[in-house]
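The exercises below are meant to be worked through with the sequence and the 3D view at hand. Each task is followed by a solution that goes step by step.

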Amino acid sequence: MNKKVVTLGDVMMRLSTPGNERFLQANSYNIVFGGAEANVAVSLAQFGLNAAHVTAFPANDIGKAATAYLRQTGVDTSFIYFQEGRMGLYFLENGSMQRSSKIIYDRYDSAFANFSGEEIDWDMVFDGADWFHWTGITPALSQKAADVCLKALKKANEKGITVSGDINYRRNLWQYGKGPLDVMPELIRYTNIIVAGLTDFENCIDIQANGFLEACHLAKKDFPQIKYITKTKRESLSANHNTLKGSLWNGTEVLTSNVYDMPQIVDRVGGGDAYIAGLIYGLLHLEDQSALEFATAASVLKHSIPGDANLVSVEEVESLVKGENVGKLLR
(Lines give C-alpha, C1' and ligand atoms only; values in the text may rest on other atoms or scores of the structure.)
Protein backbone atom coordinates (compact mmCIF):
# COMPACT_ATOMS: atom_id res chain seq x y z
CA MET A 1 0.00 0.00 0.00
CA ASN A 2 1.27 3.48 -0.86
CA LYS A 3 2.30 5.71 2.01
CA LYS A 4 -0.10 8.51 2.91
CA VAL A 5 1.08 12.06 3.56
CA VAL A 6 -1.14 14.92 4.74
CA THR A 7 -0.24 18.59 4.23
CA LEU A 8 -1.92 21.73 5.60
CA GLY A 9 -1.69 25.29 4.35
CA ASP A 10 -2.85 28.21 2.25
CA VAL A 11 -2.85 28.11 -1.55
CA MET A 12 -2.45 31.24 -3.65
CA MET A 13 -3.04 32.18 -7.24
CA ARG A 14 0.29 33.07 -8.85
CA LEU A 15 0.37 35.69 -11.59
CA SER A 16 3.71 35.83 -13.40
CA THR A 17 4.85 38.15 -16.14
CA PRO A 18 5.31 36.50 -19.56
CA GLY A 19 8.89 35.50 -20.28
CA ASN A 20 11.22 37.93 -18.57
CA GLU A 21 9.00 41.01 -18.78
CA ARG A 22 9.02 43.46 -15.90
CA PHE A 23 5.89 44.42 -13.99
CA LEU A 24 6.05 47.80 -15.75
CA GLN A 25 5.88 46.08 -19.15
CA ALA A 26 3.36 43.30 -18.64
CA ASN A 27 -0.05 43.52 -20.30
CA SER A 28 -1.01 39.98 -19.27
CA TYR A 29 -0.07 37.43 -16.63
CA ASN A 30 0.29 33.66 -16.62
CA ILE A 31 -1.77 32.03 -13.89
CA VAL A 32 -1.00 28.95 -11.82
CA PHE A 33 -1.83 27.97 -8.24
CA GLY A 34 0.72 27.27 -5.56
CA GLY A 35 1.51 27.24 -1.88
CA ALA A 36 4.42 25.78 0.06
CA GLU A 37 2.58 22.83 1.59
CA ALA A 38 0.36 22.14 -1.42
CA ASN A 39 3.49 22.08 -3.59
CA VAL A 40 4.83 19.31 -1.35
CA ALA A 41 1.58 17.37 -1.76
CA VAL A 42 1.72 17.72 -5.55
CA SER A 43 5.33 16.48 -5.64
CA LEU A 44 4.51 13.48 -3.48
CA ALA A 45 1.51 12.62 -5.64
CA GLN A 46 3.85 12.50 -8.65
CA PHE A 47 6.03 10.08 -6.65
CA GLY A 48 3.05 7.76 -6.30
CA LEU A 49 2.18 8.51 -2.69
CA ASN A 50 -1.33 9.16 -1.41
CA ALA A 51 -1.11 12.90 -0.77
CA ALA A 52 -3.98 14.83 0.81
CA HIS A 53 -4.02 18.60 1.29
CA VAL A 54 -6.11 20.38 3.92
CA THR A 55 -7.07 24.00 3.21
CA ALA A 56 -9.92 26.47 2.77
CA PHE A 57 -10.80 28.20 -0.49
CA PRO A 58 -13.24 30.99 -1.32
CA ALA A 59 -16.68 29.68 -2.19
CA ASN A 60 -16.54 30.84 -5.80
CA ASP A 61 -15.25 29.73 -9.18
CA ILE A 62 -11.65 30.69 -8.31
CA GLY A 63 -11.80 28.32 -5.35
CA LYS A 64 -13.19 25.63 -7.64
CA ALA A 65 -10.38 26.24 -10.14
CA ALA A 66 -7.74 25.86 -7.42
CA THR A 67 -9.38 22.63 -6.28
CA ALA A 68 -9.43 21.33 -9.85
CA TYR A 69 -5.73 22.10 -10.18
CA LEU A 70 -4.86 20.06 -7.10
CA ARG A 71 -7.13 17.23 -8.20
CA GLN A 72 -5.62 17.02 -11.68
CA THR A 73 -2.13 16.78 -10.17
CA GLY A 74 -3.23 13.74 -8.16
CA VAL A 75 -3.79 15.35 -4.76
CA ASP A 76 -6.67 14.14 -2.59
CA THR A 77 -9.01 17.15 -2.29
CA SER A 78 -11.47 15.55 0.15
CA PHE A 79 -10.42 17.94 2.91
CA ILE A 80 -10.76 21.23 1.08
CA TYR A 81 -13.37 23.49 2.64
CA PHE A 82 -15.19 26.45 1.09
CA GLN A 83 -16.19 29.65 2.84
CA GLU A 84 -16.51 33.38 2.37
CA GLY A 85 -13.29 35.19 1.65
CA ARG A 86 -10.73 35.73 -1.05
CA MET A 87 -7.98 33.81 -2.78
CA GLY A 88 -4.54 35.05 -1.80
CA LEU A 89 -2.41 36.27 -4.71
CA TYR A 90 1.23 36.70 -5.49
CA PHE A 91 2.86 38.34 -8.47
CA LEU A 92 6.14 37.11 -9.94
CA GLU A 93 8.56 39.01 -12.18
CA ASN A 94 11.10 36.58 -13.61
CA GLY A 95 14.64 37.93 -13.45
CA SER A 96 17.39 37.21 -15.92
CA MET A 97 21.18 37.44 -15.87
CA GLN A 98 22.17 39.84 -13.09
CA ARG A 99 18.60 41.15 -12.59
CA SER A 100 16.90 39.42 -9.67
CA SER A 101 13.39 38.03 -9.74
CA LYS A 102 10.75 39.87 -7.70
CA ILE A 103 7.68 38.71 -5.81
CA ILE A 104 4.82 40.92 -4.56
CA TYR A 105 2.38 39.29 -2.14
CA ASP A 106 -1.31 40.16 -1.85
CA ARG A 107 -2.46 37.39 0.46
CA TYR A 108 -3.84 39.00 3.61
CA ASP A 109 -7.36 38.12 4.76
CA SER A 110 -7.56 35.00 2.59
CA ALA A 111 -10.25 32.39 3.13
CA PHE A 112 -7.66 30.12 4.74
CA ALA A 113 -6.38 32.83 7.10
CA ASN A 114 -9.95 33.28 8.38
CA PHE A 115 -10.67 29.54 8.57
CA SER A 116 -11.40 28.25 12.08
CA GLY A 117 -11.15 24.60 11.04
CA GLU A 118 -13.96 23.61 13.38
CA GLU A 119 -15.55 21.35 10.77
CA ILE A 120 -12.38 19.32 10.20
CA ASP A 121 -12.55 15.73 11.45
CA TRP A 122 -8.84 15.21 12.12
CA ASP A 123 -9.36 11.53 12.89
CA MET A 124 -10.69 11.12 9.36
CA VAL A 125 -7.96 13.30 7.85
CA PHE A 126 -5.21 11.25 9.49
CA ASP A 127 -6.83 7.85 8.97
CA GLY A 128 -4.05 5.62 7.63
CA ALA A 129 -1.59 8.52 7.42
CA ASP A 130 2.16 7.95 7.74
CA TRP A 131 3.32 11.57 7.66
CA PHE A 132 2.13 15.13 8.29
CA HIS A 133 3.87 18.22 6.86
CA TRP A 134 3.40 21.87 7.83
CA THR A 135 5.39 25.09 7.39
CA GLY A 136 5.99 28.25 9.38
CA ILE A 137 3.96 30.20 6.83
CA THR A 138 0.67 28.88 8.24
CA PRO A 139 1.01 30.10 11.86
CA ALA A 140 2.34 33.43 10.54
CA LEU A 141 -0.90 34.18 8.66
CA SER A 142 -3.35 34.56 11.54
CA GLN A 143 -4.23 33.32 15.03
CA LYS A 144 -6.89 31.08 13.51
CA ALA A 145 -4.37 29.50 11.14
CA ALA A 146 -1.93 28.98 14.01
CA ASP A 147 -4.67 27.33 16.07
CA VAL A 148 -5.62 24.98 13.22
CA CYS A 149 -1.98 24.03 12.77
CA LEU A 150 -1.53 23.28 16.48
CA LYS A 151 -4.68 21.16 16.55
CA ALA A 152 -3.43 19.16 13.56
CA LEU A 153 -0.01 18.66 15.15
CA LYS A 154 -1.50 17.42 18.42
CA LYS A 155 -3.70 14.92 16.61
CA ALA A 156 -0.80 13.71 14.44
CA ASN A 157 1.30 13.14 17.56
CA GLU A 158 -1.57 11.38 19.29
CA LYS A 159 -1.72 8.96 16.35
CA GLY A 160 2.06 8.43 16.22
CA ILE A 161 2.41 10.03 12.79
CA THR A 162 5.82 11.36 11.72
CA VAL A 163 5.76 15.17 11.43
CA SER A 164 7.95 17.46 9.34
CA GLY A 165 7.97 21.23 9.46
CA ASP A 166 9.68 23.74 7.20
CA ILE A 167 10.24 26.58 9.66
CA ASN A 168 10.34 29.06 6.77
CA TYR A 169 10.70 32.31 8.72
CA ARG A 170 8.92 35.11 6.84
CA ARG A 171 9.35 38.36 8.74
CA ASN A 172 6.72 40.32 6.82
CA LEU A 173 3.92 37.81 7.43
CA TRP A 174 3.67 38.14 11.21
CA GLN A 175 1.12 40.97 11.38
CA TYR A 176 -1.58 39.83 13.82
CA GLY A 177 0.03 40.78 17.12
CA LYS A 178 2.20 37.76 17.80
CA GLY A 179 5.73 37.01 16.72
CA PRO A 180 7.33 33.68 15.81
CA LEU A 181 8.89 33.23 19.25
CA ASP A 182 5.38 33.41 20.75
CA VAL A 183 4.04 30.64 18.52
CA MET A 184 6.68 28.51 16.80
CA PRO A 185 8.36 26.75 19.77
CA GLU A 186 5.13 25.03 20.79
CA LEU A 187 4.51 23.84 17.22
CA ILE A 188 8.07 22.57 16.87
CA ARG A 189 7.65 20.48 20.03
CA TYR A 190 5.33 18.24 18.00
CA THR A 191 7.70 18.01 15.01
CA ASN A 192 10.28 15.29 14.23
CA ILE A 193 12.00 16.68 11.13
CA ILE A 194 12.60 20.38 10.64
CA VAL A 195 13.94 22.43 7.74
CA ALA A 196 15.91 25.29 9.23
CA GLY A 197 18.88 27.53 8.57
CA LEU A 198 20.62 29.77 11.09
CA THR A 199 18.15 32.63 10.50
CA ASP A 200 15.21 30.31 11.19
CA PHE A 201 16.83 28.99 14.39
CA GLU A 202 17.42 32.48 15.69
CA ASN A 203 14.04 34.00 14.86
CA CYS A 204 11.76 31.05 15.59
CA ILE A 205 13.35 29.23 18.56
CA ASP A 206 15.87 31.82 19.82
CA ILE A 207 18.94 29.69 19.08
CA GLN A 208 22.08 31.60 18.17
CA ALA A 209 24.89 29.32 17.11
CA ASN A 210 28.26 29.30 15.41
CA GLY A 211 27.30 27.10 12.52
CA PHE A 212 24.66 24.58 11.51
CA LEU A 213 26.00 21.65 13.55
CA GLU A 214 26.02 23.59 16.81
CA ALA A 215 22.50 24.88 16.09
CA CYS A 216 21.29 21.31 15.53
CA HIS A 217 22.69 20.14 18.88
CA LEU A 218 21.13 23.09 20.70
CA ALA A 219 17.78 22.45 19.01
CA LYS A 220 17.88 18.78 19.96
CA LYS A 221 18.55 19.78 23.58
CA ASP A 222 15.49 22.04 23.65
CA PHE A 223 13.31 19.81 21.45
CA PRO A 224 14.32 16.19 22.14
CA GLN A 225 11.73 14.71 19.78
CA ILE A 226 13.60 16.08 16.75
CA LYS A 227 15.22 13.29 14.71
CA TYR A 228 16.48 15.18 11.66
CA ILE A 229 17.30 18.76 10.73
CA THR A 230 17.93 19.71 7.13
CA LYS A 231 18.68 22.70 4.93
CA THR A 232 19.85 23.58 1.44
CA LYS A 233 22.62 25.92 0.39
CA ARG A 234 22.19 27.93 -2.78
CA GLU A 235 24.78 30.09 -4.47
CA SER A 236 23.37 32.56 -6.99
CA LEU A 237 25.81 33.37 -9.78
CA SER A 238 22.96 35.05 -11.66
CA ALA A 239 19.16 34.86 -11.77
CA ASN A 240 19.47 31.93 -14.18
CA HIS A 241 22.58 30.26 -12.81
CA ASN A 242 22.69 28.80 -9.28
CA THR A 243 24.38 25.93 -7.51
CA LEU A 244 22.58 23.80 -4.93
CA LYS A 245 23.42 21.22 -2.29
CA GLY A 246 21.58 19.72 0.65
CA SER A 247 22.61 18.99 4.24
CA LEU A 248 20.97 16.58 6.69
CA TRP A 249 21.75 16.24 10.40
CA ASN A 250 20.65 12.79 11.52
CA GLY A 251 21.31 13.15 15.23
CA THR A 252 25.00 12.26 15.04
CA GLU A 253 26.52 13.89 11.97
CA VAL A 254 25.81 16.29 9.13
CA LEU A 255 25.52 14.54 5.78
CA THR A 256 25.99 16.56 2.60
CA SER A 257 24.75 15.87 -0.92
CA ASN A 258 26.38 16.26 -4.27
CA VAL A 259 26.62 19.87 -5.45
CA TYR A 260 24.58 20.58 -8.59
CA ASP A 261 25.32 23.32 -11.10
CA MET A 262 22.12 24.80 -12.56
CA PRO A 263 23.14 27.17 -15.38
CA GLN A 264 19.81 27.67 -17.16
CA ILE A 265 17.10 27.90 -14.52
CA VAL A 266 13.54 28.03 -15.83
CA ASP A 267 11.74 28.69 -12.50
CA ARG A 268 13.26 28.54 -9.02
CA VAL A 269 10.00 29.12 -7.11
CA GLY A 270 9.06 25.97 -5.19
CA GLY A 271 12.59 24.59 -5.13
CA GLY A 272 12.55 24.28 -1.34
CA ASP A 273 9.16 22.56 -1.41
CA ALA A 274 10.48 20.10 -3.99
CA TYR A 275 13.44 19.43 -1.70
CA ILE A 276 11.39 18.59 1.40
CA ALA A 277 8.98 16.50 -0.69
CA GLY A 278 11.97 14.56 -1.97
CA LEU A 279 13.29 14.16 1.58
CA ILE A 280 9.92 12.93 2.84
CA TYR A 281 9.83 10.34 0.07
CA GLY A 282 13.45 9.45 0.74
CA LEU A 283 13.10 9.02 4.50
CA LEU A 284 10.05 6.81 3.94
CA HIS A 285 11.89 4.54 1.48
CA LEU A 286 15.69 4.97 1.68
CA GLU A 287 18.69 5.25 3.98
CA ASP A 288 19.70 8.73 5.17
CA GLN A 289 22.37 9.56 2.59
CA SER A 290 20.28 8.23 -0.28
CA ALA A 291 17.27 10.18 1.00
CA LEU A 292 19.34 13.37 0.99
CA GLU A 293 20.62 12.75 -2.54
CA PHE A 294 17.06 12.07 -3.72
CA ALA A 295 15.80 15.29 -2.11
CA THR A 296 18.51 17.46 -3.64
CA ALA A 297 18.09 15.95 -7.10
CA ALA A 298 14.32 16.47 -6.86
CA SER A 299 14.86 20.15 -6.08
CA VAL A 300 17.29 20.53 -8.98
CA LEU A 301 14.74 19.12 -11.42
CA LYS A 302 12.10 21.57 -10.14
CA HIS A 303 14.27 24.42 -11.42
CA SER A 304 13.59 23.16 -14.95
CA ILE A 305 9.79 23.32 -14.62
CA PRO A 306 7.56 26.42 -14.90
CA GLY A 307 5.10 26.92 -12.06
CA ASP A 308 5.23 26.22 -8.35
CA ALA A 309 5.09 22.43 -8.32
CA ASN A 310 7.63 19.73 -9.13
CA LEU A 311 6.01 17.53 -11.78
CA VAL A 312 8.62 14.79 -11.96
CA SER A 313 8.60 11.05 -11.30
CA VAL A 314 10.65 8.93 -8.94
CA GLU A 315 12.41 7.43 -11.96
CA GLU A 316 13.46 10.87 -13.24
CA VAL A 317 14.89 11.83 -9.86
CA GLU A 318 16.71 8.52 -9.53
CA SER A 319 18.21 8.97 -13.00
CA LEU A 320 19.61 12.35 -12.01
CA VAL A 321 21.06 10.92 -8.79
CA LYS A 322 22.83 8.30 -10.90
CA GLY A 323 23.88 10.84 -13.53
CA GLU A 324 21.90 9.02 -16.21
CA ASN A 325 19.87 10.52 -19.07
CA VAL A 326 20.96 14.04 -18.14
CA GLY A 327 19.61 16.39 -20.79
CA LYS A 328 19.05 13.61 -23.33
CA LEU A 329 16.17 13.31 -25.76
CA LEU A 330 14.19 10.34 -24.46
CA ARG A 331 11.96 8.54 -26.96
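Angles between axes of 65 to 115 degrees count as roughly perpendicular. The model shown here is predicted.

**Exercise 1. Find how helix 10 and helix 11 are arranged relative to each other, and which residues meet between them.**

Solution. Two packed helices are described by the angle between their axes and the distance between the axes. Begin with these two values: the axes of helix 10 (residues 288-302) and helix 11 (residues 314-322) come within 9 Å and cross at roughly 105°. Since an angle of 65 to 115 degrees counts as roughly perpendicular, helix 10 and helix 11 are therefore roughly perpendicular to each other. Next, look at the residues that meet: helix 10 contributes Glu-293, Phe-294, Ala-297, Ala-298, Val-300 and Leu-301, while helix 11 contributes Val-314, Glu-316, Val-317, Glu-318, Leu-320 and Val-321. Then turn to burial in helix 11, where Val-314, Val-317, Ser-319 and Leu-320 are buried. The buried residues of helix 11 pack against helix 10, and also against strand 14 (260-262) and helix 9 (271-285). Finally, follow the chain just past helix 11, where Gly-323 takes a positive phi of about 75°.

**Exercise 2. Describe helix 2 from its N-terminal end onwards, and work out which of its residues are buried and which are exposed.**

Solution. Start at the N-terminal end, which Asn-60 caps with a side-chain oxygen lying 3.0 Å from the backbone nitrogen of Ile-62. Helix 2 itself (residues 61-72) has 12 residues, and from its first C-alpha to its last it reaches 16 Å, close to the 16 Å expected at 1.5 Å a residue. The buried residues of helix 2 are Gly-63, Ala-66, Thr-67, Tyr-69 and Leu-70. They cover an arc of only 155° around the axis, which puts them on the same side of helix 2. This pattern can be compared with a general rule: an α-helix has 3.6 residues a turn, so residues three or four places apart point the same way. The partners of the buried residues of helix 2 are strand 3 (30-34), helix 1 (36-46), strand 4 (50-58) and strand 5 (80-83). On the other side of helix 2, Asp-61, Lys-64 and Gln-72 are exposed. Just after helix 2 comes Gly-74, with a positive phi of about 95°.

**Exercise 3. Is His-133 buried or exposed, and with which residues is His-133 in contact?**

Solution. First place the residue: His-133 belongs to strand 8 (residues 131-135). At 1% relative accessibility, His-133 counts as buried, the cut-off for buried being under 20%. Its side chain makes a polar contact with the side chain of Ser-164 (2.8 Å). Leaving aside neighbours within four places in sequence, the residues in contact with His-133 include Val-6, Thr-7, Leu-8, Val-40, Ile-276 and Ile-280.

Notes: Residues are numbered from 1 along each chain as its sequence is written. This is a predicted model: local features need pLDDT of at least 70, side-chain atom pairs count only at pLDDT 80 or more; totals for chains, interfaces and linings use all residues. Side-chain values use heavy atoms; hydrogens and water are left out. Helices (H or I, at least four residues) and strands (E, at least two) are DSSP runs, numbered from the N terminus. The expected span of a helix is 1.5 Å times one less than its number of residues. Buried means under 20% relative accessible area, exposed over 50%, partly exposed in between (1.4 Å probe, protein chains only). The arc is that of the directions from the helix axis to the C-beta atoms. Contact means heavy atoms within 4.5 Å. A polar contact is a pair of N or O atoms within 3.5 Å; within protein, one must be able to donate a hydrogen and the other to accept it, and residues adjacent in sequence count only if both atoms are side-chain atoms. Axes are lines fitted to C-alpha atoms, for helices over the stretch in contact, and angles run from 0 to 180 degrees between N-to-C directions. Angles under 35 degrees count as roughly parallel, over 145 as roughly antiparallel, 65 to 115 as roughly perpendicular and the rest as oblique.
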